[in-house]
2 protein chains.
Amino acid sequence: LDSHRRSGTAKLLALLRDNGPLPMAELGDHLSMSRSQVGQRVVAMEGQGLVTRGGRAPSRGGRPSSIVALSPDLHYLGVDIGATSIAVAITNGYLDVVEFAEEEADVRNGPELILGRAMQLAGKLTAEHPGVRPIGIGIGVPGPVSFRDGHPVAPPLMPGWDAYPVRDVLFQRLGIPVTVDNDVNIMALGEMQKGVANGASNFLFVKVGTGIGCGIVVRGAIHRGANGCAGDIGHIRVGNSTTLCHCGRAGCLEADFGGEALAREAMAAARSGASPLLAEWLRQNGTLSAADVGRASAAGDRTCNGLIRNGGQLVGQVLAGLVNFFNPSMVIVGGGLANLGHLLLAEIRSVTINRSTPLATSELSIVVSELGNQAGVVGAALMASDRFLSQADVAGDGPRTAGSI
Amino acid sequence: LDSHRRSGTAKLLALLRDNGPLPMAELGDHLSMSRSQVGQRVVAMEGQGLVTRGGRAPSRGGRPSSIVALSPDLHYLGVDIGATSIAVAITNGYLDVVEFAEEEADVRNGPELILGRAMQLAGKLTAEHPGVRPIGIGIGVPGPVSFRDGHPVAPPLMPGWDAYPVRDVLFQRLGIPVTVDNDVNIMALGEMQKGVANGASNFLFVKVGTGIGCGIVVRGAIHRGANGCAGDIGHIRVGNSTTLCHCGRAGCLEADFGGEALAREAMAAARSGASPLLAEWLRQNGTLSAADVGRASAAGDRTCNGLIRNGGQLVGQVLAGLVNFFNPSMVIVGGGLANLGHLLLAEIRSVTINRSTPLATSELSIVVSELGNQAGVVGAALMASDRFLSQADVAGDGPRTAGSI
């Protein structure tokens, strides 16, 4: 009986989270519960600080029905550690972003420093909302993760992070449940919950950032693979390239495209004189980034247009194979380089569709991330919420909240 | 209540199917039911001809417990239509193959003729067991399938089959439930139920036959994709090949390897004199097949060894990308060309492991199909059984069986 009641509470919380506030009378329809069962449950949940009742909705005949909403005190913390950035958000119970902050950071500085900075950032955000005490935290990191153990596994770009107990360290610090996953997986989750993939259940999220990775959603849930490294498409060999990759092999997609590769090629184009504009910027700033290639491309620089087009072709070649294999309904392109401009997406689309079978692309959408740099934190908050719901318990005194962060 | 009882019956039938006969006392432990609940259920199911009680197993204290088994009258029909073959099996309720027959056939002869021959073959098998009346049929065909609608969708190698109502035609003929899927998907299911993938839940089955395809299992179920064509890896472009494929594009894996490509290359090697052995066999028999390449390879023919090694490299290049992407625990190689010899698997293994990330291959097995040419029919029978269990109903008079086939 207890587990039955518990799952009813979780279902009701998920229903409100995913649909917004609902009239009491409708809750029963969604959950196949009688009106009195719903009433008892809602009263118990109100006592725990999980929901509130208010307003009045016209009911089908009978008395007007009060509207049940998630408590305004429910909050989650979403953290997205990228290779070169830290993003943190506080969301409400509906996973709407209430506060968001992002900073540049180098993940290679190691877990103590990076997690410390993430917690500082979170502390600043909560300080602006004195009443806010998150009840769970989700965090994504840019490498393979053992979801079960809550730590990175042999991440190639994250020295010092291998098997570092991210979950346990944050739990000791905050005292609330912590869920850890790969950064691309949480971006895919974010787009499914609040972005362009809402309603989709079999799709891919391709992140083109410093490196290149892919979140895989099958039947509405992340596919993590046997070792937690599913979606590691940056090391698929593409074309005839012999560029040496940081992984030690040659010809990986990530060795020829992505933020790191593009910055390297921008420097080369500036030094060789192929791009006078980049050469000018290099003189001014002493260095060049992938974003400079995007700006130069927008200014009509042919060399930079060529670099972006070439990168789009490489991504498209890999994606074409994955579309034949996986037959997704949607491919979302996100990550920092998704901002390089229309040229990149146009090239990815063209090559992917050209090289896949007509049936596999007959209903395929290839689109840019809707949530942009917030996709990860929203997905991280969703993980935290799923974790909280899986343990929601009517017998308790309400959720445990974080102390001061 | 009714749906609750129904699902209990289905669970009990699945438990027996997947574990074999069990003492009554153990059934309750597996299903979290009391001894008396199990007893009532078993009596009802015995009355419907679904199970039998017999023997005596020592019980923990108390009375000896009778052993519950599936009724020996439960049978399924599994049909595997390949590009160049028809295989049919009758299985018992445990999905053990009771009778099996296989014939050469050309799927391009169209659905009426091919399905007619499959039913003739099934009729012969049942005629040898007068008591056998299958209660469900599963059938696989070598092309994309709308699983929901029970018919092929734009299959490239099957003229006349596009949208042909395979399910409805067979149901009209046999009067028992029919389930239709892609042939590679049923092979994957067969290996999961009775073969080398038993216990695995995230794996790939790569069929190298006339064409090349892949069955994808995620969390224990087939991933079919948005259009039912997931796993269509034969049209992934590989290397720099410019060989024109029957699909109209150039460089597809299937254009350079597979039964069709290998037979073509065998003819070329015979005519050019590159393989004196093949030239001799061509003179004797007037034609050459992929199997001849395997035989010549076994006899030490260098040209044929080269053809097989080259094919294994192409398959390995595609698989390496899929292993990075999907991170399976196992890759099974099956289909007619899996019999070409150790050289093919060795080459596939070597290239796949060499080109994937170390983490993705750290626990990966790459193995040959255990069930061989029976993988498909066993998987087809499993689909039929799953369909039957999903509709098992204690209120009925037992399953409807096929009339004379």
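Predicted model: local features only at pLDDT ≥ 70, side-chain atom pairs only at ≥ 80, totals over all residues.
Local features are described at pLDDT of at least 70 and side-chain atom pairs only at pLDDT 80 or more, while totals for chains, interfaces and linings use all residues. Residues are numbered from 1 along each chain as its sequence is written, chains are lettered from A in the order in which they are written, and side-chain values use heavy atoms, without hydrogens and water.

**View 1. Strand S4 of chain A is enclosed.** Let us start with S4(A), residues 75-81; strands here are DSSP runs of E with at least two residues, and helices are runs of H or I with at least four, numbered from the N terminus. Because 7 of its 7 residues are buried, S4(A) is largely enclosed by the rest of the structure; buried means under 20% relative accessible area with a 1.4 Å probe, protein chains only. In a regular strand, side chains alternate between the two faces of the sheet. Here one side of S4(A) carries His75(A), Leu77(A), Val79(A) and Ile81(A), the other Tyr76(A), Gly78(A) and Asp80(A), and both are covered.

View 2. Strands count as paired if DSSP finds at least two bridges between them. S5(A), residues 85-92, runs antiparallel to S4(A) and is joined to it by 7 bridges. The two form a hairpin with 3 residues between them, and Leu77(A) has Ile90(A) as its bridge partner. S7(A), residues 137-141, runs parallel to S4(A), with 4 bridges; look there for Gly138(A), the bridge partner of Gly78(A).

**View 3. Phe325(A) reaches across to chain B.** Phe325(A) is in contact (heavy atoms within 4.5 Å) with several residues of chain B, including Leu204(B), Ile216(B), Leu322(B), Phe325(B) and Phe326(B). Phe325(A), Phe257(A), Phe257(B) and Phe325(B) have the most contacts inside the largest nonpolar core, which has 100 residues. Such a core is a set of buried Ala, Val, Leu, Ile, Met, Phe, Trp, Tyr and Cys residues joined through side-chain atoms within 4.5 Å.

**View 4. Chains A and B meet.** Each side of the contact takes 43 residues. The area buried between the chains is about 3,400 Å², of which carbon and sulfur atoms give 55%; this is the accessible area (1.4 Å probe) that two parts lose on being put together, summed over both. Arg219(A), Phe325(A) and Leu359(A) supply 22% of the area that chain A buries against chain B, more than any other three residues.

Conventions: Buried < 20%, exposed > 50% of the residue type's maximum accessible area, 1.4 Å probe, protein only. Lists of a residue's contacts leave out its neighbours within four places in sequence.
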